[in-house]
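Please keep the structure in view while reading.

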Amino acid sequence: MLIENNQYSVIQKALLRFFLIYFILYIIPYGFEYIPIDTDDYSLWEPITIWFGETFLGWDFNLNRLAKGFDSKYDYSRFALIAVISFGATLLWLLLDRLKAWEYNTRLKAILQTILRYHLGFTLILYGMAKVFPLQFGTTGIDTLTTDFGDFRPMSLLWAFMSYSRFYTGVTGWVEVLGGRVLLFRKTTFLGSFLSFVAMVNVVVIDFGYDVTVKMFAIHLLIMAAIFMADHFNRVMDFLLLSREA
């Protein structure tokens, strides 16, 4: 349920604007994995991301192997740059609002939630279907079966047991598909956010536990789900932990 304008604190207003700016910049264009386009053809991030990393972070980049989307220095540099831009833009936005006495926080929150609902929903459906049909982890081949256990890298070990158990992988995939599907509709946003949050907690824990090189991607999706859950935090705590009427 949306909060009325006069109930927003300065911190809430700042967070609302920061997340709106941050996730728009984060999603465009690399976030559109569910659309078959070459994102590099529409991206202006590469030169300014490299400049920011070299100038302010002191990093060197291999221009032939930026490893976009794989927890690389390029990704960390882009996330830091987006955060700096979002922070500066938020301060300027709050100053303009104060000068003009504008109040439209409820609309901004609806815009933020709409963007995140569809982006998170389509992304979870995409990756969920890749688990339901063995595309993401593939099948267990003879090379995997004949490899000594001690020779597996953590990420290879994860791929091995996920490809071995079609049942477990399918269940995790259906949870993601269902969470993403119901997240696309406003009336089922809470159910979708709850399922998405549970699914992404599992993904983030596994990614850290097995050093999967897409941890930041998973963390961003988890934060998106957490933003939806924040609206219902007190209700969830009352129902699950405090045995109160919700």
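Which helices each supply at least two residues of the lining of the largest cavity?

## The largest cavity

The helices in question are H6 and H7. The model discussed here is predicted. A search of the whole structure finds one cavity of 30 Å³ or more, and the volume of the largest cavity is about 50 Å³.

Among the residues that line the largest cavity are Lys 131, Gln 136, Met 162, Arg 166 and Thr 169. Sorted by class, this lining has four nonpolar, five polar and two charged residues.

## The largest pocket

The largest pocket has a volume of about 830 Å³. It is lined by 41 residues, of which Tyr 127, Gln 136, Val 214, Phe 217 and Ala 218 are the closest to its centre. Gln 136 is also one of the residues lining the largest cavity.

At least two residues of the pocket lining come from each of the helices H3 (73–100), H4 (105–132), H6 (154–164), H7 (166–183), H8 (189–209) and H9 (215–230). H8 gives the largest share, seven residues. By class, the lining of the largest pocket divides into 26 nonpolar, seven polar and eight charged residues.

## Helix H7

Helix H7 consists of 18 residues. From its first C-alpha to its last it reaches 25 Å, close to the 26 Å expected at 1.5 Å a residue.

The buried residues of H7 include Thr 169, Gly 173, Glu 176 and Leu 183. Its buried residues pack against H4, H6 and H8.

## Salt bridges

The structure holds six salt bridges. In one of them, the side chains of Lys 215 and Asp 71 meet at 3.7 Å, N to O. This pair links distant parts of the chain, with Lys 215 in helix H9 and Asp 71 in the loop between H2 (45–57) and H3, 144 residues apart. Lys 215 counts as buried because its relative accessibility is 13%, and Asp 71 counts as buried because its value is 15%. Asp 211 is partly exposed, with a relative accessible area of 46%.

Another salt bridge joins the side chains of Asp 231 and Lys 109 (2.8 Å, N to O). Asp 231 lies in the loop between H9 and H10 (233–240), and Lys 109 lies in H4, 122 residues apart. Asp 231 counts as partly exposed at 28% relative accessibility, whereas Lys 109 counts as buried at 10%.

Key. Residues numbered from 1 in each chain as written. Predicted model: local features only at pLDDT ≥ 70, side-chain atom pairs only at ≥ 80, totals over all residues. Heavy atoms only, no water. 1 Å grid on protein atoms, 1.4 Å probe; cavity = no way out; pocket = protein on both sides within 12 Å on 5 of 7 lines; lining within 4 Å. Points joined across faces, edges and corners; volume = space filled by probe spheres on them. Helix = DSSP H or I, 4+ residues; strand = E, 2+ residues; numbered from the N terminus. Nonpolar A, V, L, I, M, F, W, Y, C, P; charged D, E, K, R; others polar. Expected span 1.5 Å × (residues − 1). Buried < 20%, exposed > 50% of the residue type's maximum accessible area, 1.4 Å probe, protein only. Contact = heavy atoms within 4.5 Å. Salt bridge = Lys/Arg side-chain N within 4 Å of Asp/Glu carboxyl O.
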